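Student: I'm new to this one. Could you take me through a single part of it, slowly?

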Amino acid sequence: MENFTLRMGAALGIFAAMALWEFVAPRRALSVGRLRRWPGNLGILVLDALLVRFLIPVAAAGTAMIAAQRGGGS
C-alpha cells in the first residue's frame, strides 16, 4: 500500500503543479472549462493506478505459469 500511496501522491502533486501552471500562464484560451476536464483527468489517473496495481502482478504470475509449463527456469 505504501507504493500506491507514494505513486498517487506523486501523480497528484504533478497534477497540482500542472494545474497551477495552466492557471498562471495559459498558452491559449480554453475551449473546454477546467471543471469539465479535471474530473476526467483525475479519473484516468485513479483508473491507471488501480490497473497497474492489479494487472502487473497478474501478468507476472501468468508469465511465470506459462514458463513453468514449458520447462523454463529450471
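Student: Let's zoom in on R37: is it buried, partly exposed or exposed?

Tutor: Quick background: this is a predicted model, where local features need pLDDT of at least 70 and side-chain atom pairs count only at pLDDT 80 or more, while totals for chains, interfaces and linings use all residues. Residues are numbered from 1 along each chain as its sequence is written, and side-chain values use heavy atoms, with hydrogens and water left out.

Now, R37 is partly exposed, because its relative accessible area is 26% (buried is under 20%, exposed is over 50%, and partly exposed is in between, using a 1.4 Å probe and protein chains only). Its side chain meets that of E22 in a salt bridge, 2.8 Å from N to O. That term means a side-chain nitrogen of Lys or Arg within 4 Å of a carboxyl oxygen of Asp or Glu. This pair links distant parts of the chain, with E22 in helix α1 and R37 in helix α2, 15 residues apart. (Helices are DSSP runs of H or I with at least four residues, numbered from the N terminus.)

E22 also has a salt bridge with R34, at 2.9 Å from N to O. Here too distant parts of the chain are linked: R34 sits in helix α2 and E22 in helix α1, 12 residues apart. So what do you get? E22, R34 and R37 are joined in a network of salt bridges.

Notes. Helices (H or I, at least four residues) and strands (E, at least two) are DSSP runs, numbered from the N terminus.
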